[in-house]
Amino acid sequence: MLQVVAGGFTLDDTVLLDGRVVRNAAGGNVLYAGVGTKLAGVQPALLSPVGRDYPQENLDMLAFAGFVMDGCPRLPAPALHLWVLQEGPNQRQLVNRLDSGTNEQLDPRPRHVPDHYLLAESLHVASIPLESQEALVDTFAAARRVISVDAPHLPLHRSGRAQLERMLGSVSVFLPSEDEVGEVWGLEAGLDACRRLATLGPEVVGIKMGDAGSLVWSREIQQGWRVPAYQTQAIDTTGAGDAFCGAFCATYSRTRDARAAAVSGTVAASFVIESIGGLHAMDTPSSTFERRSNEVNQRVEVLSAMRGEA
């Protein structure tokens, strides 16, 4: 199976809580979501233009690991360079460096899509500006293909919520964070919020809640689950949500099982946070992934369709 993952590459300078700085780590939502896809056992096909100064060795490493890279043209604009400022447990800021490229220059667009990507079984669109997300969803929309989207870049412009809701009518899975659900819709993270968002079109809605895990709702079977986070030593939580999304979409495309997809996403995120950058998690043994999945699955809480309670 092939899953297209659309988003952006970044080069991250991470300032840790103890004052150490780790420079030039390979990051970006397309990388983390691609790693999540691979960990879930599906081949990732990345869709992301690459800035002129992005290291070729990073791209070669991904290709060697089995990532399809045909949707990653080299452009003359500089790569996206970020400061990742850790300010506390699960608290960080992302700040563009002055020498960084921009989303306008480097967002994936329909013209970057190779023809064979349109044969993929699934597509995940990471958090990029809404107009870019919508154009890609329109390009890939087809019967029986699973399309998942993360929330777009916020804040939205005045008519952005209506535009986002129109796009959600064409996607299979919507995977926002609890903060994004609050900012766009004024809703508290809960099963009621999942069910309300599912009325906009998605078969499945999952709300990411950091170290509190996730809430997931399947409209088709009218069932919800609370999936706990896997407890591990977190070095840097950057990219955890993207890894969750990539693995979730890949597993849902393969199984149409929302609970299994959320467990897979949770476990993918747990490997990403154990170090800095996304490349380190690629070689995780499948047996280790399966063991963690079994542990998380045993702790999943089934929620009532009527009251959102166990």
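A: By class, 15 nonpolar, 24 polar and 10 charged residues make up the lining of the largest pocket. Ala, Val, Leu, Ile, Met, Phe, Trp, Tyr, Cys and Pro count as nonpolar, Asp, Glu, Lys and Arg as charged, and the others, Gly among them, as polar. The model is predicted: local features need pLDDT of at least 70, side-chain atom pairs pLDDT 80 or more, while totals for chains, interfaces and linings use all residues. Residues are numbered from 1 along each chain, and side-chain values use heavy atoms, without hydrogens and water.

Q: What makes a space a pocket or a cavity?
A: On a 1 Å grid over the protein atoms alone, a pocket is an open set of points with protein on both sides within 12 Å along at least five of seven lines, whereas in a cavity a 1.4 Å probe fits but cannot get out; lining residues have an atom within 4 Å of a point.

Q: Which residues lie nearest the centre of the largest pocket?
A: Of its 49 lining residues, Arg92, Thr237, Thr238, Gly239 and Gly241 do. Strand E7 supplies the largest share of this lining, five residues.

Q: What is the volume of the largest cavity?
A: It is about 50 Å³, where a volume is the space filled by probe spheres set on the points, joined across faces, edges and corners. The whole structure has one cavity of 30 Å³ or more.

How values were computed:
Helices (H or I, at least four residues) and strands (E, at least two) are DSSP runs, numbered from the N terminus.
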